[in-house]
Amino acid sequence: METLDILILGSGPAALCLASQLAGQNLLIKCISTKSPKVKWSNTYGIWASELEELDLESLLSHRWSKTVSFFGNGASEDGNIPTEHQYDYGLIDRSAFQNELLRRCEDIEWIEDKALEIFSSNKVTEVQCQSGFKLKSRLVIDASGHRSNFIKRPFSKEVAQQAAYGIVGKFSSPPVEKEQFVLMDYRSDHLSKKELQESPSFLYAMDLGNDVFFVEETSLASYPPLSKDFLKKRLIRRLSNKDIQIKEIFHEEDCLFPMNLPLPLRNQAILAFGGAASMVHPASGYMVGSLLRRSPMLAQKLKIFLKDPNLSSIELAKKGWDVLWPFELKQRHKLYQYGLKRLMSFDEKMLRSFFLNFFQLSTKEWSGFLTNTLPLPKLIYVMSKMFIKSPLKIKLGMLKIN
Ligand SMILES: Cc1cc2nc3c(=O)[nH]c(=O)nc-3n(C[C@H](O)[C@H](O)[C@H](O)COP(=O)(O)OP(=O)(O)OC[C@H]3O[C@@H](n4cnc5c(N)ncnc54)[C@H](O)[C@@H]3O)c2cc1C
């Protein structure tokens, strides 16, 4: 059996981003995935336009909005309907174009359609046993099989918060959002009864896709236990019918559920991971694609250097990989975000509205840097402290409360 340099598990955005950076470097690489990399991805990926512009990839946007707003009022009065204008472009990634572009860069990499069942590590190499009985040996295995991976060891966490959402791409009796508008968070809550307001909060994420087609998604930022699809679907319909809007036609339904605060993987394991399996989802926003694009080139470049040393075992290679993927700076930032998320999860809808209203009073550089995880640690601490100082007393107390 040949020994590969790198074996990647998966064919989602994480696997393709990393494989595309490792391709063409004279490494012996193969990928195993339960799905062919040509099978179209089903998730709708949104991103701040600047994240793609910085990488010269803005042509991968299928839609781009400059009219980007949120609503943090209660919706009951004129004042409660005033939008917060973000004045920052947001876009939807053209999934096919993105996937095809990454695949084009992976031309010399072979994908095997199979499911990795078990992984064994000896001192030097790691062996992957597939469902078909097929076995592969590699110096380094990189798990990009998503957040449900059973292969990656991480500290036990009893209550992992999940982001949940139910969305529809469709036609409606009247426009759910204004023409050419993108709504990041509509937290207006005048459609909910007093009892419902005590339940876990959710917001509307919505956009005009053109030609009278809209995407509307009822989203729970993070909760444990997660909000169910039925719950969110009912909330969405109630929100729409409160404005006398009926759904006329559904082209696509999105049912979204993924962990927001998975603990970071342990470093002393023989496998490395990337993407959802490596806890790379932003713990305060749920976004990850920008991070995959930003972090894959450096990881690929370093792995190539580490692999030049033939004496390094799988566990040594993986450890070096983890150090590149999760250096001190990013681990500290992750801790701060996790702390922030935990506090936000304890807020009721009124407190959340007040919190976000304040958050978006920060400068664009500050709030967008926070949401994209691109602020250096000292700046992140500064921005979080600034938020704290500017917050009303009730929010300050909520931010400090130790659970
Ligand atoms: C509905 C939804 C919407 C989202 N929207 C956004 C967004 O707008 N913006 C954003 O930045 N992030 C978003 N996210 C978060 C995150 O970017 C996605 O979850 C992203 O798809 C994760 O990428 P991944 O490659 O790590 O995992 P996945 O996309 O889950 O891919 C995992 C891959 O591994 C394969 N696989 C699984 N098990 C095995 C196995 N045992 N052996 C071999 N192969 C295996 C699967 O076939 C798949 O190809 C969204 C997530 C969801 C669920």
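The protein chain of this predicted model splits into domain 1 (3-37 + 106-155 + 265-326), domain 2 (46-94 + 162-259) and domain 3 (331-400). These bounds come from an automatic or database domain assignment. Residues are numbered from 1 along each chain as its sequence is written. Because the model is predicted, local features need pLDDT of at least 70 and side-chain atom pairs count only at pLDDT 80 or more, while totals for chains, interfaces and linings use all residues.

**Where domain 2 meets domain 3**

Between the C-alpha centres of domain 2 and domain 3 there are 21 Å. Contact here means that the C-beta atoms of two residues, placed from the backbone, lie within 7 Å. By that rule, 17 residues of domain 2 are in contact with 13 residues of domain 3. On the domain 2 side, α2 (49-53) and β15 (213-223) each supply at least two residues, and β15 gives the most, with three residues. Helices (H or I, at least four residues) and strands (E, at least two) are DSSP runs, numbered from the N terminus. Sorted by class, this side of domain 2 has nine nonpolar, seven polar and one charged residues. Ala, Val, Leu, Ile, Met, Phe, Trp, Tyr, Cys and Pro count as nonpolar, Asp, Glu, Lys and Arg as charged, and the others, Gly among them, as polar.

**The ligand shell**

Now to the ligand. A residue is near a molecule if its C-beta atom, placed from the backbone, lies within 6 Å of it. Of the 30 residues around the ligand, those that come nearest are Gly10, Gly12, Ala14, Gly146 and Gly275. Domain 1 and domain 2 each give at least three residues to this shell. The shell comprises 15 nonpolar, twelve polar and three charged residues.

**A seven-stranded sheet**

Strand β15 also belongs to an open sheet of seven strands, in the order β6-β5-β13-β14-β15-β12-β16 with mixed pairing. Two strands pair if DSSP finds at least two bridges between them. At the edges are β6 (83-85) and β16, each of which pairs on one side only. From one strand to the next, the twist averages 20°, where axes are lines fitted to C-alpha atoms and angles run from 0 to 180 degrees between N-to-C directions. Strands β13 (residues 181-186) and β14 (residues 203-210) run antiparallel and are joined by three bridges; Asp186 has Leu204 as its bridge partner in β14.

**Backbone details and a loop histidine**

Most residues other than glycine have a negative phi, and most peptide bonds are trans.

| Residue | Phi | Loop |
|---|---|---|
| Asn26 | about 60° | between α1 and β2 |
| Glu180 | about 60° | between β12 (162-172) and β13 |

A residue is buried if 20 or more other C-beta atoms, placed from the backbone, lie within 10 Å of its own, exposed if 12 or fewer, and partly exposed in between. Asn26 is exposed because it has 8 C-beta neighbours inside 10 Å, and Glu180 is exposed with 12.

The peptide bond from Tyr224 to Pro225 is cis, with omega near -5°. Pro225 is found in the loop between β15 and α5 (229-242).

His282 sits in the loop between β17 (271-273) and α6 (289-307). His282 is partly exposed because 19 other C-beta atoms lie within 10 Å. Although 55 residues separate His282 and Tyr337 in sequence, their C-alpha atoms are 7.9 Å apart in space.
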